[in-house]
Each structure stands twice: as C-alpha cells, then as structure tokens.
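Please look through the sequence and the model shown here before reading on.

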Amino acid sequence: MATTAFTFCPRDGTRLVLTRIDGRERPTCTVCGLADFTHVQVGSNAIVEQDGAVLLVRLNYGPRDGHWALPGGLVENDETTEEAAVRETKEETGFEIALDGLLSVWLRPGFPILVVNYRAHITGGSLQIAPDEASEARFFPKAELPPLDEIAWPSAVHGLDAWRAYEPPRP
Ligand SMILES: [Zn+2]
C-alpha cells in the first residue's frame, strides 16, 4: 500500500477495507464506495500567445522565487480546468483570455499533481501583475525562451515544449 493511502474514508470516516480493483488491493469504503486510487491535485495553465510569443510570469515567492512560470494554478472544487486557466491568468497578469484548445497534460509517477496546459489568446484587459505573486510578466518569442533552469515547474517545460512543436491543423 502506498504511504499516502487513506486509513479512513475522507467523506464519512468509515475505516477502509482492502478490496481488489483493477488488479490491485485498494483501501475502499463499504459505505459510500470510495476507492483509494492515486492522490493528485489538478493544476491548469494558459499558454497565452501574442504575435508568436508566449506570456510568462516571474514568480517572486517561495522555493521557485525568480523563476518563470506559465499563468495558472490549482483548480478549485467549483470550477472546470478551463475556468481555472482563465481565472488564474486574469489574477496573475490582468489579461482576459479565450482558450484555443488543450495542448498538453503533465503527470509523472510520484508527483501529487496533474497539470493541463491550454493554448489561449488575449481578448481584453491589460498587463497588470499580482504584486504578491510575480515581479514581472512578459512575452517570449519561441527562439528566446528562458533557459530550462529558469523555468519554475516541469509541467511548464512540458507545455512550452508542446507549444514550440505545435502546428495548427491544416485546412
Ligand atoms: Zn465513504
């Protein structure tokens, strides 16, 4: 059993019992039916493109202080991943955006987070960073992205790699 597994049901407090599901023994609730699979939070980012360049924000807090990140963050319980990408971009950069489709999904074994990256374009607003989260935000052309060790998260590297490789569908 993984060390992160629940002992009691997080919904109703019932002691979980091991039940074989999909080839593995999983802690399972006999009351509500919850089965304890992997635990992840969900993050949602926007790849905001303008004139062939992508919008990055420079973090000014925490262990990734000074590193560049995509606009985005954790998805709340009462919103979709799409809504989270739009909301976080507005909060962090001042821009209103419209999404242009899912670009990449990042998940690695052992990391307790799944991150989705959406392509997006600006529909309104003006650049205004959240001073408690970022020191600056600006657009980077494909050939002038910050070096890998200045990108805050592997999920952002994944999204930027997918963005550089992306070609729009042919008509
Ligand atoms: Zn339960």
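The text below goes through these topics one after another.

This is a predicted model, in which local features need pLDDT of at least 70 and side-chain atom pairs count only at pLDDT 80 or more, while totals for chains, interfaces and linings use all residues. Residues are numbered from 1 along each chain as its sequence is written, and side-chain values use heavy atoms, with hydrogens and water left out.

**The zinc site**

The zinc ion has as its protein donors C9 (SG), D12 (OD), C29 (SG) and C32 (SG), which lie 2.2 to 2.3 Å from the ion. Donors are here N, O and S atoms within 2.8 Å of the metal (3.2 Å for Na, K and Ca), and sites may look incomplete because water is not among the atoms. The angles that the 4 donor atoms subtend around the zinc ion are 100 to 115 degrees, and therefore the arrangement is tetrahedral, a word used for four donors if all angles lie between 85 and 135 degrees. Along the chain, the donors of the zinc ion follow the spacing C-x2-D-x16-C-x2-C. D12 and C32 link distant parts of the chain, 20 residues apart, since D12 belongs to the segment before strand 1 (17-21) and C32 to the loop between strand 2 (24-28) and strand 3 (41-50); strands are DSSP runs (E, at least two residues), numbered from the N terminus. D12 is partly exposed, with a relative accessible area of 35%, and C32 is also partly exposed, at 34% (buried means under 20% relative accessible area, exposed over 50%, and partly exposed in between, with a 1.4 Å probe and protein chains only).

**Aromatic pairs**

Rings of Phe, Tyr and Trp (its six-membered ring) pair if their centres lie within 6.5 Å, and planes under 30 degrees apart count as stacked, over 60 as edge-to-face and the rest as tilted. By this rule there are 3 aromatic pairs, including the two in the table.

| Pair | Centre to centre | Angle between planes | Kind |
|---|---|---|---|
| F95 and F139 | 6.2 Å | 55 degrees | tilted |
| W106 and F111 | 5.4 Å | 80 degrees | edge-to-face |

F95 in strand 7 (residues 95-106) and F139 in strand 9 (residues 134-141) are 44 residues apart, so this pair links distant parts of the chain. F95 is buried, with a relative accessible area of 9%, whereas F139 is partly exposed, at 22%. W106 is buried, at 4%, and F111 is partly exposed, at 43%.

**Charges over rings**

A charge sits over a ring if NZ of Lys or CZ of Arg is within 6 Å of the ring centre and within 35 degrees of the ring normal. R26 lies over the face of F37, 4.0 Å from the ring centre, and the charged end of K142 sits over the ring of W163, 5.1 Å from its centre.

How values were computed:
Four donors count as tetrahedral if all angles lie between 85 and 135 degrees; four count as square planar and six as octahedral if opposite donors are over 155 degrees apart and all others between 65 and 115; anything else is irregular. Helices (H or I, at least four residues) and strands (E, at least two) are DSSP runs, numbered from the N terminus.
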